[in-house]
Amino acid sequence: MAEPPRPFRLRGCGAPQKFGVAAGSLRGLLRKGCRLLQLPLPGSRLCLYEDGTELTESFFRALPPHTELVLLGPGESWRGCASDIERLLAAFCSQQDAVVEAARRLLTDERAPHRQKLLADLIHNLSENILAEGKEDDKKWFEGLESRFKNKSSYMRHSCESRMRGYMREVSGFISNVHPAARDAYRGIIDLMADKLKSVKYNGCYFDRREEEEAARLCTAEGWFSCQGPFDNDDCPCKHSINPYSNRESRILFSTWNLDHIIEKKRAVVPELAEAVKTRDGREVNWEYFYQLLFTLDNLKLVHIACHKKTNHNLSCDKTRIYRKRKQTHEIS
């Protein structure tokens with residue numbers, strides 16, 4: 001028994017116009033769609049607009065009425081609604097100057113606060129100069145900075161280095177809380193950490209666009225940074241992201257983002273280090289483990305200020321890694 005016709009919304013690949021078409025079978029819908037959009041029947045196929053899933057007869061029968069479909073001609077492909085977004089962004093890029101100018105004209109006459117905000121945000125975002133690196137190519141980005149910074153990466157490296165130096169000062173400043181008999185050993189570990197930080201330039205490469213391989217864990221080569229979420233949740237619920245290289249405002253805003261220690265620096269890592277030095281009893285403190293917790297991405301997450309939880313993380317150091325394991329020696333008889 002033939003299935004009764006059901007209505008669907010049909011569009012061509014990359015075409016904005018939608019047509020209402022009714023059919024009781026996949027083959028029937030395909031024939032009607034090809035006639036309507038003037039495509040050859042051989043090699044054409046139908047897929048879901050949402051995610052690009054290609055239709056089979058059984059899948060077609062399970063679809064609810066008014067499902068949005070895309071008719072693909074021979075050689076065409078569809079990856080879902082993301083394809084529309086890509087086309088929209090491409091259009092913005094190719095006509096970016098014209099769009100900005102049109103938005104500025106609209107803004108001069110706009111009185112509604114909400115629409116004013118939308119137009120201002122559009123102008124701000126489309127006026128970004130992400131690819132510019134040198135001072136001469138994006139002078140506004142460098143406004144308010146010291147003249148010694150000649151490119152964006154040099155300032156971003158400096159910012160990261162400043163954070164790392166700040167962490168080092170906190171570790172050094174804790175020495176007054178260390179048992180007097182253990183302070184020399186604690187100073188020795190501080191010196192080792194300081195030398196390690198200097199050798200890697202205070203991890204400034206994490207924020208250097210030109211060091212793509214090193215920076216890949218935090219950002220893309222274009223400089224986009226994503227919030228890595230609260231310490232107890234790998235997903236940032238607000239999907240915060242920022243490109244501090246894009247404009248001056250984004251650079252300033254990015255300075256409010258935090259490098260959050262998952263195992264907390266003040267509550268856990270530094271006190272544990274002081275305790276380890278005091279109670280080492282001839283054992284060698286594994287200072288490199290503490291260095292990783294304090295200064296590397298092993299224990300640091302980049303988070304938007306709203307996602308930086310100030311409450312106790314209730315996480316502690318790995319007790320099995322506090323001291324170095326002694327090497328086994330075997331006598332040969």
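Tutor: In β8, L302 is the bridge partner of L259. The model is a predicted one, in which local features need pLDDT of at least 70 and side-chain atom pairs count only at pLDDT 80 or more, while totals for chains, interfaces and linings use all residues. Residues are numbered from 1 along each chain as its sequence is written, and side-chain values use heavy atoms, with hydrogens and water left out.

The names come from DSSP runs numbered from the N terminus: helices are H or I runs of at least four residues, and strands are E runs of at least two. Two strands pair if DSSP finds at least two bridges between them. Strand β7 (residues 258–261) meets this with β8, through 4 bridges in the antiparallel sense.

Now look at the side chains of β8. L300 and L302 point one way, K301 and V303 point the other way, and all are buried. Buried means under 20% relative accessible area, exposed means over 50%, and partly exposed lies in between, using a 1.4 Å probe and protein chains only.

Next comes α11, where 7 of 9 residues are buried. These are W287, Y289, F290, Y291, L293, L294 and F295. The cover over them includes both strands of our pair, β7 and β8, along with α6, α7 and α10. Contact here means heavy atoms within 4.5 Å.

Several of these elements also meet in the largest nonpolar core. Such a core is a set of buried Ala, Val, Leu, Ile, Met, Phe, Trp, Tyr and Cys residues joined through side-chain atoms within 4.5 Å. The largest has 53 residues, and V171, Y186, M193, L273, F290 and F295 touch the most other members. At least two core residues come from each of α6 (152–173), α7 (183–199), α10 (265–278), α11 (287–295) and β8 (300–303). Follow M193 as an example: leaving out residues up to four places away in sequence, M193 touches M168, L273, W287, F290, Y291, L294 and F295. Another core, of 15 residues, lies apart from this one, and F8, V21, C34 and F60 are among its members.

Rolling a probe the size of a water molecule over the atoms shows where empty space is left. On a 1 Å grid over the protein atoms alone, a pocket is an open set of points with protein on both sides within 12 Å along at least five of seven lines, and lining residues have an atom within 4 Å of a point. The largest pocket has 17 lining residues, with L259, D260, H261, K265 and H308 nearest its centre. Two or more lining residues come from each of α6, β7 and α10, and β7 gives the most, with 4. The volume is about 330 Å³, counted as the space filled by probe spheres set on grid points that are joined across faces, edges and corners.

Most residues other than glycine have a negative phi. K201 is not a glycine, yet its phi is positive, about 55°. K201 counts as exposed, at 62% relative accessibility, whereas L300, K301, L302 and V303 of β8 are buried.

Terms used: On a 1 Å grid over the protein atoms alone, a cavity is a set of points where a 1.4 Å probe fits but cannot get out, and a pocket is an open set with protein on both sides within 12 Å along at least five of seven lines; lining residues have an atom within 4 Å of a point.
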